Amino acid sequence: YSGRPLQVAHGRHRIFGGHFNRRLVILGEVLGEFDVPLDIRAAWLDHDRALRPLIESRNESEVEATPNPSSD
C-alpha cells in the first residue's frame, strides 16, 4: 500500500465499531463464498483487525465485539 496513511485516509469518516465489524463479517462471507482457505481467511481478517485503531472513530458508548472467521 502506497497511499495516504490509514488514519488520514479514514479520519474524516465516522467509522465506529459496528461499521468496522460489519465489514469484517462481509469480508469473511465473501472469502468463504470464493472458497479461500481458512488459514488465509483468518490471516486476512486478523490483519484487518490489527488496523482497527487506525481506522475506527472512538465512541465510548459503543461496545466493541470482533467477529471471528467462519469455519465453513
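In what order do the elements of the chain run from the N terminus on? They run α-α-α-α, and the chain holds four helices and zero strands. The model described here is predicted.

The chain as a whole may be considered before its parts. Of its 72 residues, 28% are buried. The chain exposes about 5,300 Å², and carbon and sulfur atoms supply 55% of this area. Among the contacts with a separation of 6 or more, 70% are between residues 24 or more positions apart.

Eight residues make up the largest nonpolar core: Ile15, Phe20, Leu24, Leu27, Leu31, Val36, Leu45 and Ile55. Helix H2 gives the largest share of this core, namely four residues.

Ile26 counts as partly exposed because its relative accessibility is 39%, a value that lies between the limits of 20% for buried and 50% for exposed.

The charged residues complete the picture. Side chains of opposite charge can pair when their charged atoms come close. A search of the whole structure finds three salt bridges.

One of them joins Arg23 and Asp48, with the closest N and O atoms 2.7 Å apart. Arg23 belongs to helix H2 and Asp48 to helix H3 (residues 38–50), so this pair ties together parts that are 25 residues apart in sequence. The two partners can also be described by their accessibility: Arg23 is partly exposed, at 44%, whereas Asp48 is buried, at 9%.

Another salt bridge links the side chains of Arg49 and Asp46, at 2.8 Å from N to O. Both residues lie in helix H3, and because they are three residues apart, about one helical turn separates them. Arg49 is buried, with a relative accessible area of 15%, while Asp46 is partly exposed, with 43%.

A further salt bridge connects Glu56 and Arg52, whose side chains meet at 2.4 Å, N to O. The pair is also found as a polar contact of 2.4 Å. Glu56 lies in the segment after helix H4 (52–55).

Definitions and conventions. Residues are numbered from 1 along each chain as its sequence is written. This is a predicted model: local features need pLDDT of at least 70, side-chain atom pairs count only at pLDDT 80 or more; totals for chains, interfaces and linings use all residues. Side-chain values use heavy atoms; hydrogens and water are left out. Buried means under 20% relative accessible area, exposed over 50%, partly exposed in between (1.4 Å probe, protein chains only). Helices (H or I, at least four residues) and strands (E, at least two) are DSSP runs, numbered from the N terminus. A polar contact is a pair of N or O atoms within 3.5 Å; within protein, one must be able to donate a hydrogen and the other to accept it, and residues adjacent in sequence count only if both atoms are side-chain atoms. Contact means heavy atoms within 4.5 Å. Accessible areas come from the Shrake-Rupley method with a 1.4 Å probe; for residues, only the protein chains shown count as cover. A nonpolar core is a set of buried Ala, Val, Leu, Ile, Met, Phe, Trp, Tyr and Cys residues joined through side-chain atoms within 4.5 Å. A salt bridge is a side-chain nitrogen of Lys or Arg within 4 Å of a carboxyl oxygen of Asp or Glu.
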